[in-house]
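The sequence and model are shown first.

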Amino acid sequence: MSWKLGEVAGIGVFVHFTFFLLIFVLGISYFAQGGMSAALHGVGLILVLFAIVVLHELGHAMAARYYGIRTKDIILLPIGGVARLERIPREPVQELVVALAGPAVNVALAILFFLLLKATGRSLLPDQNLAETGFLAALFGANIGLALFNMLPAFPMDGGRVLRALLAMQMDYVRSTRVAASIGQGMALLFGLWGLFGGGPMLMLLALFVWIGAREEASQVVLQSTLAGVSVTRAMITDFAVLSPHEPLEQAVRLTLDGFQQEFPVVERGMLVGMLARRDLVNALSQHGASYLVGDAMRREFHTAQAHDLLDVVQLRLRETGDASIPIMDQGRLVGLLTRDNLGEYVMFEAARKGQEPFANL
Ligand SMILES: [Zn+2]
């Protein structure tokens with residue numbers, strides 16, 4: 001759940017509701033430490049920090065725009081920000097520039113705050129007590145910290161992309177992703193050990209975050225390269241059951257138990273009119289019983305793909321919508337169903353055919 005804060009350069013900036021929770025908790029802890037003025041100071045500082053994170057993400061977005069890549073939105077989470085680019089550039093130089101643009105914003109801001117501190121003759125070092133630290137010194141330190149943290153050479157940090165882009169200038173994209181992911185996982189292991197032997201739980205959490213990020217990036221890239229340029233008809237199911245909107249849910253329950261299918265296209269007079277997912281079925285069953293009609297329980301709004309679409313594009317759409325399957329259409333007629341499961345099977349067989357280890361997990 002996110003709220004829209006506003007728009008910058010045509011890109012929506014959203015804030016996740018857990019972010020307000022963070023502000024609230026920090027505000028209370030500052031208040032307990034030093035009263036109202038400390039609370040205002042602390043919360044003010046957090047808000048400015050997040051404005052800096054937005055600028056960092058805008059750095060990525062503007063660099064991407066330079067290469068004609070749109071940014072869907074920027075989301076602020078308690079752990080930082082995410083600029084959701086329409087795609088990651090495959091051209092190593094472009095990926096390098098887009099990845100560096102975020103930390104570059106922090107370096108520029110750090111220089112700005114450094115000059116302001118010099119001009120006002122204040123100390124550079126932040127105080128022990130955050131609530132009493134000078135605002136400028138805190139912002140200078142935060143920008144240095146953000147630049148260094150983001151340049152750690154591990155996915156999902158910007159440094160991971162920088163590393164991959166540099167490797168991709170020497171070797172192919174999939175291989176460089178695997179190498180960058182392995183380096184990231186090696187680093188995660190070191191962080192984990194460091195956390196375990198005295199570094200504290202935050203480091204262990206970071207290690208876990210980096211480990212998962214590396215794995216996800218690698219499997220997604222291997223997956224996309226396996227699926228690139230392949231027609232969706234190669235992997236879709238053509239033998240599947242459909243429902244009529246006038247049938248009772250009882251029929252959907254029977255079909256689910258009889259086979260492997262989890263989502264059913266609902267067809268009326270040869271036209272696809274809805275999709276009945278497992279969760280829709282279960283919800284309607286518990287609320288209205290088994291004689292309730294499929295047509296009243298189905299979703300009327302759903303995504304479709306065309307038979308001439310390519311698998312890598314459709315996989316991205318499935319990933320974004322979170323649906324378990326997507327109906328495949330050809331000239332307005334339903335011709336197939338692509339599910340996450342059979343996509344996974346396709347990837348497994350393709351990997352086996354090429355003698356690779358099946359790396360992708362869906
Ligand atoms: Zn970044």
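Is His60 buried or exposed? At 7% relative accessibility, His60 counts as buried, a term for residues under 20% relative accessible area, with exposed meaning over 50% (1.4 Å probe, protein chains only). The model is predicted, with local features requiring pLDDT of at least 70 and side-chain atom pairs counting only at pLDDT 80 or more, whereas totals for chains, interfaces and linings use all residues. Residues are numbered from 1 along each chain as its sequence is written, and side-chain values use heavy atoms, without hydrogens and water.

Because His60 belongs to helix α1 and Asp158 to helix α4, the pair ties together parts that are 98 residues apart in sequence. Helices are DSSP runs (H or I) of at least four residues, numbered from the N terminus.

| Residue | Helix | Relative accessible area |
|---|---|---|
| His60 | α1 (residues 17-66) | 7% |
| Asp158 | α4 (residues 158-168) | 10% |

**Helix pair.** Helix α10 (residues 311-321) packs against helix α11 (residues 340-353) at an angle of about 140°, with the axes 12 Å apart. Axes are lines fitted to C-alpha atoms over the stretch in contact, and angles run from 0 to 180 degrees between N-to-C directions. From α10, Leu311, Gln315, Leu318 and Arg319 meet Arg340, Leu343 and Tyr346 of α11, where contact means heavy atoms within 4.5 Å.

Conventions. Helices (H or I, at least four residues) and strands (E, at least two) are DSSP runs, numbered from the N terminus.
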